Amino acid sequence: MTGIQMGQYPPAQFLIAHLSDTHFLGADAAGSPRPLYGRVDTDSQAAAAMRRLRGLGVPLDAIVVTGDIADLAEDAAYRRVRALVEPVAEELGAALVWVMGNHDERSAFRRELLRAAPSAGDAPVDSVDDVRGLRIITLDSTVPGYHHGEITPEQLGWLRGVLATPAPHGSILALHHPPIPTPLAAMTVLELQQQQALADVIRGSDVRAILAGHLHYSSTSLFAGVPVSVAAATCYTMDVAAADRELVGVNGGQSMNLVHVYADRVVHSVVPLAEAPVVTHFEAGFLARLEALDDAGRRELFSRKTAEQP
């Protein structure tokens with residue numbers, strides 16, 4: 001990400017990696033990671049996401065993982081995810097934000113991911129991270145023992161208190177259950193309940209974006225006037241174009257999102273995890289040539305009169 005402005009917009013102020021639904025399992029008798037549903041290599045998919053982040057070649061401000069970290073909340077699964085993601089966050093200078101999902105369990109989540117004493121018992125895992133003046137608020141939308149989402153009145157009161165004081169660069173809210181509709185009929189029973197109460201707290205606040213997971217496919221919408229971005233799972237994805245009233249999970253289409261936070265907007269971009277054939281490649285030297293030109297020269301370089309165009 002160049003620091004030189006060549007278009008109409010200056011560089012983003014913050015860069016966040018948004019991943020979701022890793023769904024790691026523990027190990028088998030031989031000590032090898034168990035594949036999800038006997039066929040999905042969750043470790044390789046999450047490792048591919050980490051390689052993509054390392055390949056960016058720029059620092060990250062935060063890595064946010066929006067829930068369902070472990071499929072069965074096994075300690076070994078949490079430790080394996082942590083061992084994979086923590087070194088990358090440290091290497092890239094990123095804050096690491098873990099969000100509770102409906103497959104996670106609060107005690108193991110606190111112990112293995114947050115390395116915190118289980119003194120809070122089964123209380124929701126809500127938190128606030130300050131990243132150079134950008135506030136990332138984590139809201140635990142899980143209901144122990146169930147897969148749908150709820151936010152308690154006590155949590156809403158806590159959130160209202162946090163948002164009462166605006167952050168220097170605004171707030172980003174991260175939770176597992178997205179407060180948006182899903183076109184998959186069978187998933188509607190798993191949605192976040194009583195969404196209007198959350199909307200009443202968020203509307204008019206400094207929340208600039210909502211990051212979520214749970215759906216296992218990428219989706220975007222608005223909630224209380226705030227853009228919502230759902231990151232597809234790194235483990236497997238749901239086929240949104242499957243036959244009506246069918247719920248089909250496929251081992252393909254896994255991705256993560258890059259979130260570029262500008263002074264006046266937030267841009268969410270989907271990054272596939274699967275390697276694909278390269279058909280064209282403009283190296284760093286080409287970008288340096290662009291930076292040396294004025295606007296007219298850049299347009300000329302990319303005109304239809306030259307072979308040097310993407």
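Predicted model: local features only at pLDDT ≥ 70, side-chain atom pairs only at ≥ 80, totals over all residues.
**View 1**

**View 2. An open sheet of 6 strands.** Follow its strands in the order E4-E5-E6-E7-E9-E8, and you will find that the pairing is mixed. Which strands stand at the edges? They are strand E4 (127-131) and strand E8 (219-223), each pairing on one side only. On average, neighbouring strands of this sheet are turned by 20° against each other, direction ignored.

**View 3. Strands E4 and E5 side by side.** Strand E5 covers residues 134-138 and pairs with E4 in the antiparallel sense. The two are linked over 5 bridges. To find your place, look for Ser127, which stands opposite Thr138 in E5.

**View 4. An open sheet of 5 strands.** This sheet has the order E3-E2-E1-E12-E13, and its pairing is mixed. Why is one side of E3 and of E13 left without a neighbour in the sheet? Strand E3 (95-99) and strand E13 (266-272) stand at the edges and each has a single partner strand, so one side of each has no neighbour there. Neighbouring strands in this sheet are turned against each other by 20° on average, direction ignored.

**View 5. Two pairings within that sheet.** Strand E2 (residues 62-66) runs parallel to E3, and 5 bridges join the two. Val64 stands opposite Val97 in E3. Strand E12 (residues 255-261) and E13 instead run antiparallel, joined by 7 bridges. In this pair, Val259 stands opposite His268 in E13. How many residues does the hairpin use to join E12 to E13? The hairpin passes through 4 residues.

**View 6. The largest cavity.** The model holds 2 cavities of 30 Å³ or more. The largest cavity contains about 40 Å³ of space. Its lining is made up of Leu19, Thr22, Ala46, Met50, Val65, Val81, Val85 and Trp98. Helix H1 (42-54) and helix H2 (75-92) are the elements that give two or more residues to this lining. By type, the lining has 7 nonpolar residues, 1 polar residue and no charged residues.

**View 7. The second largest cavity.** This cavity has a volume of about 30 Å³. Around it you will find His177, Pro178, Ile180, Thr182, Glu191, Leu192, His214 and Leu215. How many of the lining residues are nonpolar, polar and charged? The lining divides into 4 nonpolar, 3 polar and 1 charged.

**View 8. Two domains.** To finish, step back to the whole protein. The protein is divided into domain 1 (14-276) and domain 2 (279-309). The C-alpha centres of domain 1 and domain 2 are 37 Å apart.

Methods
Residues numbered from 1 in each chain as written. Heavy atoms only, no water. 1 Å grid on protein atoms, 1.4 Å probe; cavity = no way out; pocket = protein on both sides within 12 Å on 5 of 7 lines; lining within 4 Å. Points joined across faces, edges and corners; volume = space filled by probe spheres on them. Nonpolar A, V, L, I, M, F, W, Y, C, P; charged D, E, K, R; others polar. Pairing = 2+ DSSP bridges. Axes fitted to C-alpha atoms, helices over the stretch in contact; angles between N-to-C directions. Domains from an automatic or database assignment.
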